[in-house]
Amino acid sequence: MPVAPSDKEDEYFHRLEMEQRKKREEERKKQFAEEEKKRLMDLHHMRCPKCGMELREIDYKGIKVDKCFHCDGIWLDAGEMESISEMEKSSMKKMFSLFKL
């Protein structure tokens with residue numbers, strides 16, 4: 001004879017099903033976010049954030065920076081500002097050392 005499931009069994013399977021649904025939903029959201037990130041990157045890659053025109057890489061003292069020739073904006077990638085700052089700082093130190101007694 002079949003035995004009716006207890007309340008605890010029903011609760012267990014219901015909880016298990018809810019956890020699986022939650023996991024699937026989180027995976028779906030993660031995949032959607034990745035697709036949206038890729039879509040936006042394809043849409044905006046090497047475009048000026050200010051005017052939307054094409055950016056071109058130029059060499060500034062050995063560092064590649066992005067320049068918009070439409071609005072003359074200069075855009076830096078991660079770490080480029082620090083590199084330029086360090087170069088300029090050493091140049092300024094050399095210049096000011098001329099004035100020291």
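In what order do the three strands of the open sheet come? The order is β1-β2-β3, and the pairing is antiparallel. This is a predicted model, where local features need pLDDT of at least 70 and side-chain atom pairs count only at pLDDT 80 or more, while totals for chains, interfaces and linings use all residues. Residues are numbered from 1 along each chain as its sequence is written, and side-chain values use heavy atoms, with hydrogens and water left out.

**The sheet**
- β1 (55-60) and β3 (74-75) sit at the edges with a single partner strand each, so one side of each has no neighbour in the sheet.
- Strands here are DSSP runs of E, at least two residues long, and helices are runs of H or I of at least four, numbered from the N terminus.
- Two strands pair if DSSP finds at least two bridges between them; β1 and β2 (residues 63-68) have six, in the antiparallel sense.
- Across that pairing, Glu 57 stands opposite Asp 66 in β2.

**Cys 48**
- You'll find Cys 48 in the loop between α1 (7-44) and β1.
- Cys 48 counts as buried, at 4% relative accessibility (buried means under 20% relative accessible area, with a 1.4 Å probe and protein chains only).
- Leaving out residues up to four places away in sequence, Cys 48 touches Met 53, Leu 55, Cys 68, Cys 71 and Trp 75 (contact means heavy atoms within 4.5 Å).
- Cys 48 and Trp 75 are 27 residues apart along the chain, and their C-alpha atoms are separated by 8.0 Å.

**Asp 66**
- Asp 66, in strand β2, is buried yet has no salt bridge (a side-chain nitrogen of Lys or Arg within 4 Å of a carboxyl oxygen of Asp or Glu).
- The nearest side chain of opposite charge is Lys 64, 9.5 Å away (Lys and Arg count as positive, Asp and Glu as negative; His and the chain ends are not counted).

Terms used: Buried < 20%, exposed > 50% of the residue type's maximum accessible area, 1.4 Å probe, protein only.
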